[in-house]
Amino acid sequence: MTTGVQLGMIHSELEEIVGHDFVSVKEADKLVYSVDWFWLPQMWLDRGQRLQTLDFIVHPGSVEEIAEIVKVANSYKIPVIPWGGGSGSQGGVVPVYGGIILDVKRLNKIIDINEKSLTVTAQAGINGTQLEWAVNEKNLTLPHYPASANCATLGGYLAPRGSGTISTKYGKAEDLVLGMQVVLPRGEIIRTPKIPQHAAGPDFYHLFLGSEGTLGVITEATMQLDYLPEVRLFRAVLFDDLGKGLEAGRRMMVQRLEPTVIRLYDKKSTLSQVKKVLGYEFDGVYMVIGFDGDKDIATLQEKKAMAICTSLGAKDLGREPGESWWQHRYDFYYPPKGLHFPWMYGTTETVATFSDIEKIYYAQKEAIETTYKDWDVDYIGHFSHWFHWGTMIYSRFIIKEPPQDANEALQLHNRVWNTAMTAVLENGGMVNEHHGVGLKLSRFMRRQYGEAWGMLENIKDALDPNGIMNPGKVGFGGVK
């Protein structure tokens with residue numbers, strides 16, 4: 001427990017590092033930085049409950065300042081929580097043990113755009129959309145288009161191993177990063193090689209991808225760019241059966257047609273989300289497919305994909321419903337068309353091989369709908385990030401009239417998540433595909449990894465012996 005005297009000393013030391021104007025202890029700031037897009041802390045706030053607040057919000061201006069802040073935190077054994085844009089949905093920045101919020105958005109510079117190697121090196125606090133605008137000026141793109149791009153940061157792309165809308169062709173954020181600068185938990189500043197594929201020992205930079213600030217602070221990254229495509233072609237089709245849609249997507253992937261997008265909505269999502277956002281009243285399983293790049297190649301790839309779809313009984317809806325989806329793809333997640341209070345909701349997404357994914361969908365759907373039928377729960381899902389070996393399901397539960405009592409709501413929320421994750425883990429899925437683990441899924445990590453979890457704890461102890469880095473997240477414990 002940090003005493004008042006110690007907090008005063010810490011405050012002084014932090015001001016010496018970054019300056020008076022870049023340390024805040026205002027109650028309003030503490031409240032803002034105590035929540036992200038995780039439903040539970042937002043529910044506590046909505047119900048007028050007292051939130052666990054932090055001690056300081058610090059805005060460093062350099063990697064050297066971050067290193068000094070971490071050293072101070074180690075001296076006092078006070079938590080440090082890296083903060084990018086605050087757009088996470090997993091409680092990854094919720095200060096469950098108080099401490100220092102390390103807002104990195106002042107580290108927002110582009111260091112280099114290499115037009116020969118097609119790379120960009122930038123500081124981790126840069127806004128995703130602003131970074132994209134900058135490389136667009138050179139006819140380039142960082143092909144990671146998450147729905148959070150307008151508020152997320154480059155470091156926020158990497159810390160939870162995020163996926164973007166066009167990851168099916170270009171890969172996840174972790175596939176686009178070539179090297180990183182990281183401040184370790186004891187203040188050392190390291191750089192990983194900018195060559196990610198080699199035989200010079202293990203690629204240790206993978207430790208920081210998915211660690212969500214528990215093993216260090218990502219302060220800079222070199223990312224792979226691509227040329228802006230000559231064309232982007234979108235089309236929509238309608239299946240009468242989810243299994244046929246999944247099989248169509250599988251064939252496109254294993255035949256290496258390189259779709260930019262495959263977005264497959266189950267019947268309930270088609271009738272609810274697609275209708276609500278795009279205005280179409282389709283009765284079936286709605287699929288959007290997209291191809292980009294050279295016009296001739298993309299046209300041929302689309303032709304072959306359409307042949308697969310029609311062979312499985314799909315109805316061609318034409319270009320307009322596909323292009324409309326592309327233009328409004330982010331509207332699904334923002335007001336007024338996204339999920340919102342007073343509803344209780346959660347995205348229980350997972351990823352698995354083609355042989356397991358449909359089984360997981362029905363197991364999760366049955367478990368949630370059966371167990372919580374008295375709450376009139378809705379279960380919907382779409383399949384949105386595809387690989388040559390499998391795909392992910394962006395599944396959701398929605399309870400429109402949850403308990404008003406905060407503690408009852410918390411218990412119901414966590415029971416639904418227990419049910420959902422048990423169905424995933426018992427049927428070959430992963431705890432998460434791209435939102436990360438955070439606080440929300442932390443308790444499932446030991447079940448996910450079994451005996452291997454002890455190895456990860458040993459790595460955590462070796463790098464962060466005092467346990468100060470984002471404690472209570474990704475399965476790790478508190479400050480020691």
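So, what do the buried residues of α1 pack against? They pack against β1 (23-24), β2 (56-58), α4 (63-76) and β4 (100-103). Helices here are DSSP runs of H or I with at least four residues, strands are runs of E with at least two, and both are numbered from the N terminus.

Quick housekeeping. This is a predicted model, where local features need pLDDT of at least 70, side-chain atom pairs count only at pLDDT 80 or more, and totals for chains, interfaces and linings use all residues. Residues are numbered from 1 along each chain as its sequence is written, and side-chain values use heavy atoms, with hydrogens and water left out.

Okay, back to α1. In that helix I10, L14 and V18 are buried, meaning under 20% relative accessible area, with exposed over 50% and partly exposed in between, using a 1.4 Å probe on protein chains only. Looking down the axis, the buried residues of α1 fall within an arc of 50 degrees, so they line one face of the helix; the arc is that of the directions from the helix axis to the C-beta atoms. On the other side of α1, V5 and E16 are exposed. Just after the helix, G19 takes a positive phi of about 100 degrees.

Now the nonpolar cores: sets of buried Ala, Val, Leu, Ile, Met, Phe, Trp, Tyr and Cys joined through side-chain atoms within 4.5 Å. The largest has 64 residues, and F239, M252, M287 and F383 touch the most other members. Helix α14 (residues 406-425) gives the most to this core, nine residues. There's also a second, separate core of 28 residues, including V120 and L176.

On to charges. We get 24 salt bridges, each a side-chain nitrogen of Lys or Arg within 4 Å of a carboxyl oxygen of Asp or Glu. Take R161 and E174, with their closest N and O atoms 2.8 Å apart. R161 lies in the loop between α6 (154-158) and α7 (167-170) and E174 in helix α8 (residues 173-176), so the pair ties together parts 13 residues apart in sequence. R161 is partly exposed at 36%, while E174 is buried at 14%. These two join K172 and E433 in a network of salt bridges.

E212 is buried yet has no salt bridge, and the nearest side chain of opposite charge, K473, is 7.6 Å away. Here Lys and Arg count as positive, Asp and Glu as negative, and His and the chain ends are not counted.

Notes: Contact means heavy atoms within 4.5 Å.
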